[in-house]
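Look at the model below before reading on. The report goes from the whole chain to single residues.

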Amino acid sequence: MSTVRPELQRVLCVAERRAVHERVRAALGGLAEVAEAESLAAADRLLARASADLVVCGLDSGAGDVLALLQCAREVSPGVPFARLGADPATAGEALRRGVTEWIPEDTDDATLAAALGRLLETQSVRHENLRLRRAVRTLESCRMLTHCLDPGEVYAVALDLLLPALGRDLGLAVFRRSSMPGSDGIAFRGFDEASATKLQRVAQKKSGGEHFVPGEPAVTRGGPIGQALEELGVGAGPALMVPLRGDESEEGLLWIPEQGRATSAGDLEQARMIATHAELALNNAERYHRAKERAFIDDVTDVYNARYLLQATEHEIHRAGRSGKELSVLFLDLDRFKRVNDQYGHLVGSNVLRRLSEVLLDCVRQVDTLARYGGDEFTILLVDTAHPGAVAVAERIRRTVEETLFEASDGTPIRLSISIGVATFPDHSGDREGLLDLADKAMYRAKSRGRNCVCSAADLES
Ligand SMILES: [Mg+2]
């Protein structure tokens with residue numbers, strides 16, 4: 001993780017006398033940036049604009065003003081060191097009891113003053129580092145939530161939920177590409193009202209992913225499609241912290257946190273980088289998980305779907321056909337005398353033939369249809385929105401194509417094959433998955449018993 005650029009510490013010196021300011025400035029010798037105030041009111045104004053890492057009070061106006069300054073400084077930055085440059089040592093005890101960090105006699109020599117102020121600044125930087133580390137530990141612990149996300153869409157939303165509280169903010173959004181639905185982006189909102197969220201959703205969906213996503217580190221930005229949309233809405237307009245997120249494969253998205261008048265600090269960027277690193281690891285995991293899940297449905301030899309997938313897909317397509325009142329046809333295909341190929345040329349050639357057959361079958365059906373290897377030399381095809389006569393015609397085309405295809409042995413010897421096909425249709429022949437697959441299978445066996453290399457319909461089984 002890259003380090004945050006150290007910033008120069010800031011000292012507020014409050015004194016009526018010019019000489020005090022000059023002594024303090026000389027004692028610090030460029031170690032810190034010094035802001036000078038000549039009165040309590042001027043100090044108040046400076047503190048309202050920016051906090052200090054050390055307050056040095058050389059006011060002559062009395063104990064009341066010193067305590068008022070102390071209170072004001074600690075309200076802006078709790079625990080900020082406060083040095084009192086005083087003339088009367090008798091007031092030291094009371095000042096220290098009231099919360100002054102160090103009482104320094106104003107007639108002390110320059111070296112002692114420099115050492116005292118240097119030590120106070122050092123204490124404050126250790127305190128800041130401590131706070132930064134505690135913040136980092138809290139964020140790292142919260143990042144553990146990301147390791148449970150196996151859905152990429154969830155990773156973006158959880159990362160947003162971690163980043164907002166880490167920055168002490170409540171308005172933000174996550175936009176991400178949904179690889180499962182090309183052309184439409186996913187979006188998650190936090191802190192937007194219903195109407196704004198709906199409008200933003202529309203903007204996100206109109207744009208294709210590439211317009212939003214830029215690789216890189218978290219950075220402050222403005223404009224772009226999201227910035228423009230927020231500008232139009234009048235919510236969260238202006239600069240924003242943008243955190244790009246991407247996985248190793250196709251996942252990409254970004255988090256967008258409007259600054260809303262409060263600038264992003266170096267510490268905020270560090271938090272964003274930490275969360276982004278963990279979110280990207282989670283995206284990689286989610287991608288790997290989905291790939292493994294997909295592989296579980298693919299046949300190793302032919303790279304088409306396997307029987308496990310076919311069973312799920314058939315169930316799904318029957319429901320879909322039932323809802324839309326359309327037909328679903330199933331083809332059961334079995335190569336004729338495939339055993340002879342294995343026996344004569346060996347299993348490697350057998351596998352090559354099955355791969356080539358898969359290509360031939362894929363060429364015979366539409367993109368929306370499903371081809372699966374059921375096992376051995378048996379294949380199944382789901383033809384969606386296809387009535388029985390159409391399915392029989394497809395089966396016949398496949399039978400003819402296989403018959404005309406020249407398969408090859410490893411030495412180039414041509415191998416001729418034929419195929420037997422059974423056809424059954426939902427809802428004509430059966431209303432459920434088992435019945436439909438069983439009838440298509442039986443019809444295929446009927447084709448075999450009719451002398452192979454032919455198509456047989458489930459309707460023929462009744463005769
Ligand atoms: Mg066979």
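## Overall shape

The chain has a radius of gyration of 37 Å, whereas a compact globule of 463 residues would have one near 23 Å. The radius of gyration is taken over C-alpha atoms, and the globule rule is 2.2 Å times the number of residues to the power 0.38. Along the principal axes, the C-alpha atoms fill a box of roughly 120 × 50 × 35 Å.

This is a predicted model, in which local features need pLDDT of at least 70 and side-chain atom pairs count only at pLDDT 80 or more, while totals for chains, interfaces and linings use all residues. Residues are numbered from 1 along each chain as its sequence is written.

## Domains and secondary structure

The chain is divided into domain 1 (9-131), domain 2 (149-291) and domain 3 (307-462). These bounds come from an automatic or database domain assignment. The centres of domain 1 and domain 2, taken over C-alpha atoms, are 43 Å apart.

The chain holds 14 helices and 17 strands. Helices (H or I, at least four residues) and strands (E, at least two) are DSSP runs, numbered from the N terminus.

## Confidence

The predictor's confidence in each residue is its pLDDT, from 0 to 100. The chain averages 90, and 95% of the residues score at least 70. Confidence is highest in strand β11 (residues 328-335), at a mean of 98, and lowest in helix α7 (residues 194-206), at 78.

Over residues 1-5, pLDDT stays under 50, and the model has 7 contacts for them beyond four places in sequence. Two residues are in contact if their C-beta atoms, placed from the backbone, lie within 7 Å. Where pLDDT is low, the predicted coordinates should not be read in detail.

## Burial and cores

Of the 463 residues, 36% count as buried. A residue is buried if 20 or more other C-beta atoms lie within 10 Å of its own, exposed if 12 or fewer, and partly exposed in between, with C-beta atoms placed from the backbone. Among contacts between residues at least 6 apart in sequence, 61% join residues at least 24 apart.

Which residues have the most contacts inside the largest nonpolar core? They are Leu331, Ala395, Ile421, Val423, Ala440 and Ala443, in a core of 45 residues. Helix α14 (residues 433-449) gives the largest share of this core, 7 residues. Apart from this core lies another, of 41 residues, including Ala229, Leu230, Met242 and Trp256. A nonpolar core is a set of buried Ala, Val, Leu, Ile, Met, Phe, Trp, Tyr and Cys residues joined through C-beta atoms within 7 Å. Beyond its neighbours within four places in sequence, Leu331 is in contact with Thr380, Ile381, Leu383, Ala391, Ala395, Ile421, Val423 and Ala440.

In helix α8 (residues 224-233), the residues Ile226, Ala229 and Leu230 are buried. Seen down the axis of α8, its buried residues fall within an arc of 95 degrees, so they line one face of the helix. The arc is that of the directions from the helix axis to the C-beta atoms.

Leu117 is found in helix α5 (residues 110-143). Is Leu117 buried or exposed? Leu117 counts as buried because it has 25 C-beta neighbours inside 10 Å. Leaving aside neighbours within four places in sequence, Leu117 is in contact with Ala27, Leu28, Leu54, Val56 and Ala83. Leu117 and Pro81 are 36 residues apart along the chain, and their C-alpha atoms are separated by 9.6 Å.

## Backbone exceptions and the chain end

Most residues other than glycine have a negative phi, and most peptide bonds are trans. Asp303 is not a glycine but has a positive phi of about 70 degrees. Asp303 lies in the loop between α9 (266-295) and α10 (307-324), and is exposed, with 11 other C-beta atoms within 10 Å. Arg452, also not a glycine, has a positive phi of about 65 degrees. Its place is the loop between α14 and β17 (455-457). The peptide bond from Phe426 to Pro427 is cis, with omega near 0 degrees; Pro427 is in the loop between β16 (419-426) and α14.

Asp460 is in the segment after β17. Not counting residues up to four places away in sequence, Asp460 touches Ala443 and Arg446. Asp460 and Gln124 are 336 residues apart in sequence and 90 Å apart in space, C-alpha to C-alpha.
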